[in-house]
Amino acid sequence: MRPRSIAAVALLVAGLLAPVAAAPSAHAGVVDVACPTGTQYSTYDPGLTYTARTTTFVAQGSLAPCVSLRHPQIVGATFTAEGTGTASCTAASFADRSVYTWNTGQQSVVEGTLAINLKPNGQTVLVRTGTVVDGLFEGATVVQTKVLPALDLLACLTPQGLTSDSGVLSLTVTL
């Protein structure tokens with residue numbers, strides 16, 4: 001690899017980790033995995049309406065590129081998640097369980113919560129926080145943020161409600 005290419009990769013890694021590592025947290029931790037981009041598709045049953053009700057969700061997605069300080073062979077992951085909670089088209093809170101399968105074949109099982117908030121500019125933000133309870137990174141804190149540029153809010157007015165969404169996301173694993 002040429003020196004210029006090595007320098008470019010080093011800057012990319014530093015750029016991916018620096019903003020996350022500098023973010024304040026409840027405890028002083030070190031970001032071990034940063035995945036600044038990914039996608040997720042979710043379904044809701046029953047669909048989300050403007051009236052809060054008990055709802056389950058199922059989600060699947062992928063993350064790449066990823067950078068890990070202690071596990072440099074990790075460059076991506078796929079994941080599934082499911083949970084139950086009280087939800088509407090404007091706010092929700094779920095208890096959930098996620099399984100991340102890293103490109104190395106190793107897995108991380110995460111239990112935590114998922115909150116949904118409608119923002120004034122029309123974006124909906126979902127934040128999943130949890131703890132790795134089994135597998136790679138056990139004991140670490142996971143934060144996954146998903147941004148939905150524009151939900152089909154008209155679907156929230158129908159009896160079946162909004163039954164699915166998709167968006168871009170990011171993930172950090174802090175030890």
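Phe137 sits in the loop that runs between strand S8 (124-135) and S9, strands here being DSSP runs of E at least two residues long, just as helices are runs of H or I of at least four residues, with numbering from the N terminus. The model is a predicted one, so to speak of local features a pLDDT of at least 70 is needed, side-chain atom pairs count only at pLDDT 80 or more, and totals for chains, interfaces and linings use all residues. Residues are numbered from 1 along each chain as its sequence is written, and side-chain values use heavy atoms, with hydrogens and water left out.

Next comes Thr141, which belongs to strand S9 (residues 141-148). Thr141 has a relative accessibility of 25%, which means that it counts as partly exposed. Thr141 and Gly112 are 29 residues apart along the chain, and their C-alpha atoms are separated by 9.5 Å.

Then there are the cis peptide bonds. The bond from Asp45 to Pro46 is cis, with omega near -5°, and Pro46 is part of strand S2 (residues 38-48). Ala64 and Pro65 are also joined by a cis peptide bond, with omega at about 0°. Pro65 is in the loop between strand S3 (53-63) and strand S4 (67-68).

Methods. Buried < 20%, exposed > 50% of the residue type's maximum accessible area, 1.4 Å probe, protein only.
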